[in-house]
Amino acid sequence: MDTAERIDLVSRHTQEVVTEEELAELFEAGDPTAYIGYAPTGEMHIGHFTTMRKLADFLRAGVEVTVLIADLHAHLDDNKSPFDLLDARSAYYEAAIEGMIDAAGADPDDVAFVRGTDFQLDEEYTLEMYRMAAETTIARSQRAASEVVRESESPNLGGLIYPLMQTLDVKALDADIAYGGVDQRGIYMLSREVLPDHGGESPVCVFAPLLSGLSGGKMSASDAASKVNLTDSDEAVEEKIGQAYCPAGELEDNGVLEYLNHLVFPVLEADGKSFVVSRPEEYGGDLVYESYDAVEEDFLSGELHPADLKPAVASAVSEVIDPVRTRLNERPELLAEAYPETYGDGEA
C-alpha cells in the first residue's frame, strides 16, 4: 500500500486533517502511531460508533492505535462521572469500544487500551502539567476546551486542567496522530502550539465530523430520541429512525443520511455488501446501492422517499450494531455497575 492509499484510508469520512502534508511525511517515514481518548461518562451510542469505526481504517493503513480510557478526565469535567464509578464505567467503555472495533471489521486485539490513571499520576507527567499550567492563561484554556467541557459562568478548576492533561496525553502516549471528534479541535490546536516547549512534538490531527441527532440538529446525550444506543433492540432502532427528522430532499441536519454515510456504508463496503431499499413493485421495486452518493442523488431527486429510506436504514443500522449489542447484553453487569441508577437491576 502506497502513501496515497494510506492517506485516503486515514482521511476518508473525516472533517479535517491538520495537516495532510504532515500526515504524508509520517507515512513516508514508516508506521506512525495514533491515539483517541474517551472520557467514560454517559452511555455510549451510535455517535461514538461512527467515530470508533475509523480505527479500522487506521489499522488497515498500518497505523499503531492506542485508545485512552480517560477516567480522570471524566471526573474533571464537572464531575460527569462520580469518582466511585470511574472503574466500572471504564470497564464498560473498553468492552463497548472493543465491540465497535470488531463490528467494523478489525481486530480489537490490535489496539492498545490504557487508562488515564495508568500514567497521569506519574511524577514526570504531573510536574510537566504544573509547568504547563504556569504558562497557560485561564482564557486560553477555556477557549481550547469550550466545545468539550461543560461551561458555566464560574467554571470548576477541573475543566481548565482538562485540556492541559489532554495535551500531555499526546506526549505521554508517544502519539504521532491525535484523532477525535471535531469538537476536540480547540484542545489539539493548543497541543500543536505548546507541546514543542514541553518535550513533545506537534501532532498531526484527524477530526471526525459530529453527526446530527435523529431529532434534527445536534445529537444530545439527554435526548433519548436523538440517538441510537448500542444496546437498543431492533424494534427500538426501527422506532427511533422511523420517527427521525428526514424531510424529503433535505440533507441538512439529516441524521438518517449521516448515519448511512459515515457508519453503514463503510461497514457494508468492508464486507462487500450492498445497501438495499425494499419497495413494492407498484412503486418501482427494490433499489440496490453500491455507494452513498447514489443514495443521496436519488433522495435529492425524489426517486427515494423517506418512507422507503427509513426502514432500510433502520435494518442496516441494527445489523451493524448487532455484534456490539450482543457483546454487551451477554455482560449485563457492565451497564448495571456503570450506571446503577438506570440499570441497577442488572439487566441491560
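**Exercise 1. Is D8 buried, partly exposed or exposed?**

Quick ground rules: this is a predicted model, where local features need pLDDT of at least 70, side-chain atom pairs count only at pLDDT 80 or more, and totals for chains, interfaces and linings use all residues. Residues are numbered from 1 along each chain as its sequence is written, and side-chain values use heavy atoms, with hydrogens and water left out.

Step 1: grab the cut-offs: buried is under 20% relative accessible area, exposed over 50%, partly exposed in between (1.4 Å probe, protein chains only).
Step 2: D8 has 47% relative accessibility, so it counts as partly exposed.

**Exercise 2. Work out which residues of helix α13 are buried and where they sit**.

Step 1: in α13 (residues 292-301), the buried ones are Y292, V295, D298 and F299.
Step 2: they cover an arc of only 130° around the axis (taken from the directions from the helix axis to the C-beta atoms), so they share the same side of α13.

**Exercise 3. Explain what the D78 and R150 pair ties together**.

Step 1: the two form a salt bridge (a side-chain nitrogen of Lys or Arg within 4 Å of a carboxyl oxygen of Asp or Glu), with the closest N and O atoms 3.1 Å apart.
Step 2: D78 is in the loop between α5 and α6, and R150 in the loop between α8 and α9, so the pair links parts 72 residues apart in sequence.

How values were computed:
Helices (H or I, at least four residues) and strands (E, at least two) are DSSP runs, numbered from the N terminus.
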